[in-house]
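I opened the model to look up its side-chain links. My notes follow in the order I made them.

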Amino acid sequence: MAEQEWLWTSLTVALTFILTVVNGNSEGDALFKLRKSLSDPDNVLQSWDPTLVNPCTWFHITCNQDNRVTRLDLGNSNLSGHLVPELGKLEHLQYLELYKNNIQGAIPSELGSLKSLISLDLYNNNISGTIPPSLGRLKSLVFLRLNDNRLTGSIPRELSNVSSLKVVDVSNNDLCGTIPTSGPFEHIPLNNFENNPRLEGPELLGLASYDTNCS
């Protein structure tokens, strides 16, 4: 009986190790894809070695006790390049901090898969394209700061369903349409929407299309 228990314990330990390696490698692969898409003149990503078992020893990465990535802190790091859809594979990520860089291109819709995300800080970059409606699936999101970019299109109404949202800032972009007023948007100050020349609001329900001025 003792031998069976020992075998079972050994198998459990081995399986846990294998799962840790597989998950770690998967998250490491996703982050290394991001590294390859970025220009890093100050070598802040120098420690991002894809041959390691998991990325938890990399600088600017924080993991939980299960070695799953929970934070990516690369704000104000003089990075340029673009975001990658593989970031959506970091299913335990809570903080995605990439503010004050020179990141270009669009926000990948795959970020809507980050079900644990609390803070999405992409402000003060050079990001273009629209705000993905998929961000409305982020039911743990509290902070959404996308200000000071080159975003276009309307503010997705799907965000009105994210009841956890406390801070939304989309000022200094080129958004159009009207400012939402339902759900968490009831308490967002109007100056968090300013300097979007084609954005009107706040929205008068039933009187104007939410995507007015967008054509």
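**Salt bridges**

I started with charged side chains in this predicted model. Glu 27, Arg 68 and Glu 91 are linked in a salt-bridge network. I then checked the total, and the count comes to six salt bridges.

Next I looked up Glu 86. Its side chain meets that of Lys 33 in a salt bridge, at 3.4 Å from N to O. I wanted to know which parts this pair joins. Glu 86 lies in the loop between strand S4 (80-82) and S5, and Lys 33 lies in helix H1 (residues 2-37), so the pair ties together parts that are 53 residues apart in sequence. Lys 33 has 38% relative accessibility and counts as partly exposed.

I went on to Asp 174 and Arg 198. Their side chains form a salt bridge, 3.5 Å from N to O. Asp 174 is in strand S12 and Arg 198 is in strand S13, so this bridge ties together parts that are 24 residues apart in sequence. Both ends got an accessibility check. Asp 174 is partly exposed at 30%. Arg 198 is partly exposed at 28%.

**Arg 71**

What does Arg 71 pair with in a salt bridge? I found Asp 73, with the closest N and O atoms 2.9 Å apart. Arg 71 also lies over the face of Tyr 95, at 4.3 Å from the ring centre. I noted the accessibility of both charged partners. Arg 71 is partly exposed at 27%, and Asp 73 is partly exposed at 26%.

**Disulfides**

I searched for disulfides and found two. Numbered in sequence order, the bonded cysteines pair 1-2, 3-4.

I took Cys 56 and Cys 63 to begin with. Their sulfur atoms are 2.1 Å apart. The torsion about this S-S bond is about -95°, so the disulfide of Cys 56 and Cys 63 is left-handed.

Then I turned to Cys 176 and Cys 214. Here the sulfur atoms are 2.0 Å apart. Is the link of Cys 176 and Cys 214 left-handed or right-handed? It is right-handed, with 105° about the S-S bond. I compared the two ends. Cys 176 is buried, at 1% relative accessibility. Cys 214 is partly exposed, at 27%.

**Aromatic pairs**

I counted three aromatic pairs. One of them is Tyr 99 with Tyr 123, which is stacked: 5.0 Å centre to centre, with 10° between the planes. Tyr 99 lies in the loop between strand S5 (95-97) and strand S6 (102-104), and Tyr 123 in the loop between strand S7 (119-121) and strand S8 (128-129), so the pair ties together parts that are 24 residues apart in sequence. Tyr 99 is partly exposed at 24%. Tyr 123, at 18%, is buried because the cut-off is under 20%.

I also looked at Phe 185 and Phe 193. They form a tilted pair, 6.3 Å centre to centre and 40° between the planes. Phe 185 is buried at 3% relative accessibility. Phe 193 is buried at 3% too.

**Asn 124**

My last entry is Asn 124, in the loop between S7 and S8. Asn 124 is partly exposed, with a relative accessible area of 30%. Which residues does Asn 124 touch, not counting those up to four places away in sequence? I listed Tyr 99, Lys 100, Asn 101, Asn 147, Asp 148 and Asn 149. The C-alpha atoms of Asn 124 and Asp 148 are separated by 4.7 Å, though the two are 24 residues apart along the chain.

How values were computed. Residues numbered from 1 in each chain as written. Predicted model: local features only at pLDDT ≥ 70, side-chain atom pairs only at ≥ 80, totals over all residues. Heavy atoms only, no water. Disulfide = S-S within 2.5 Å. Buried < 20%, exposed > 50% of the residue type's maximum accessible area, 1.4 Å probe, protein only. Phe/Tyr/Trp six-rings, centres within 6.5 Å; stacked < 30°, edge-to-face > 60°. Helix = DSSP H or I, 4+ residues; strand = E, 2+ residues; numbered from the N terminus. Lys NZ or Arg CZ within 6 Å of the ring centre and 35° of its normal. Contact = heavy atoms within 4.5 Å. Salt bridge = Lys/Arg side-chain N within 4 Å of Asp/Glu carboxyl O.
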